[in-house]
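Please look at the sequence and the model shown below, and keep both in view while reading. The report that follows takes the strands, the helices and the domains in turn.

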Amino acid sequence: MSKMHIKMTVNGKPEEMLAEPRELLIYTLRERLNITGPHVGCETSHCGACTVEMDGKSVKACTVFAAQAHGAEITTVEGLGDPDNLHVLQRMFKEHHGLQCGYCTPGMITRAHRLLQENPNPTEEEVRFGMAGNLCRCTGYQNIVKSILAAAAEMNSAKEAAE
């Protein structure tokens, strides 16, 4: 099978590679680009451990071919912040114990980032609905919801202070 030349921007960095047409985006990110935030979970798009942003939308990287991401902007949890400068969502997950075992956390934070872009002031019910495609195997959704609501409040306060 011939390989395809694929270009994409990942966390602000241009990337080029050759990949088989059947290669899934999650494997391209993890194995070719060494971006290990998104995890391989169920490989059926049910758990959300592989959630990334692709051109401003949440996608499950286990069900997207790398070829479909040709020309796309991809953001993973690594693209939101770094250890010295955490994104407010990463800080709130840490402060409100939303991290649990950590396996689902990158997908949760990436999905929460998109959710807050789409709805900057969600209710608890809207957070629960918006995060429904991401599963926590530790059964600890309450702290995840608290973390997202705290991040929304801090982001809104910062926005109001800037205005």
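## Strands and their partners

The model is a predicted one, in which local features need pLDDT of at least 70 and side-chain atom pairs count only at pLDDT 80 or more, while totals for chains, interfaces and linings use all residues. Residues are numbered from 1 along each chain as its sequence is written, and side-chain values use heavy atoms, with hydrogens and water left out.

Helices (H or I, at least four residues) and strands (E, at least two) are DSSP runs, numbered from the N terminus, and two strands are said to pair if DSSP finds at least two bridges between them. Strands of a sheet pair through backbone hydrogen bonds, either parallel or antiparallel.

β3 and β4 are paired in the antiparallel sense over four bridges. They form a hairpin with two residues between them, and D55 in its turn has a positive phi of about 50 degrees.

Strand β1 (residues 4-10) and strand β2 (residues 13-19) likewise pair in the antiparallel sense, over seven bridges. Here V10 stands opposite K13 in β2, and T9 stands opposite P14 in β2. β1 and β2 also form a hairpin with two residues between them, where N11 in the turn has a positive phi of about 55 degrees.

β1 and β5 run parallel and are joined by two bridges.

## The sheet as a whole

In which order do the five strands of the open sheet lie? The order is β2-β1-β5-β3-β4, and the pairing is mixed. β2 and β4 (57-60) stand at the edges with a single partner strand each, so one side of each is left without a neighbour in the sheet. On average, and with direction ignored, neighbouring strands of this sheet are turned by 40 degrees against each other.

Two helices can be described by how they lie on these strands. α3 packs on the sheet, where this helix touches β3, β4 and β5, and its direction makes about 35 degrees with that of β3. Helix α1 (residues 25-32) lies across β1, β2, β3 (51-54) and β5 (73-75), and runs at about 110 degrees to β2. Contact, here and below, means heavy atoms within 4.5 Å.

Axes are lines fitted to C-alpha atoms, for helices over the stretch in contact, and angles run from 0 to 180 degrees between N-to-C directions.

| Helix pair | Angle | Distance between axes |
|---|---|---|
| α2 (residues 88-95) and α3 (residues 105-118) | about 125 degrees | 10 Å |
| α2 and α5 (residues 141-162) | about 135 degrees | 8 Å |
| α3 and α5 | about 40 degrees | 11 Å |

The angle between α3 and α5 makes α3 oblique to α5. Angles under 35 degrees count as roughly parallel, over 145 as roughly antiparallel, 65 to 115 as roughly perpendicular and the rest as oblique. By this rule α2 and α3 are therefore oblique to each other, and α2 and α5 are therefore oblique to each other as well.

In the contact of α2 with α3, L89, Q90 and F93 in α2 meet T105, M108, I109, A112, H113 and L116 in α3. These residues divide into six nonpolar, three polar and no charged, where Ala, Val, Leu, Ile, Met, Phe, Trp, Tyr, Cys and Pro count as nonpolar, Asp, Glu, Lys and Arg as charged, and the others, Gly among them, as polar.

α2 and α5 meet through V88, L89, R91, M92 and F93 of α2 and I144, S147, I148, A150, A151, E154 and M155 of α5. By class, this contact of α2 with α5 has nine nonpolar, one polar and two charged residues.

Between α3 and α5, the residues M108, A112, L115, L116 and Q117 in α3 meet Y141, I144, I148, A151, A152 and M155 in α5. This contact of α3 with α5 has 10 nonpolar, one polar and no charged residues.

## Two domains

The domain assignment of the protein chain gives domain 1 (4-79) and domain 2 (88-158), with bounds that come from an automatic or database domain assignment. The C-alpha centres of domain 1 and domain 2 lie 21 Å apart, and 20 residues of domain 1 are in contact with 14 residues of domain 2.
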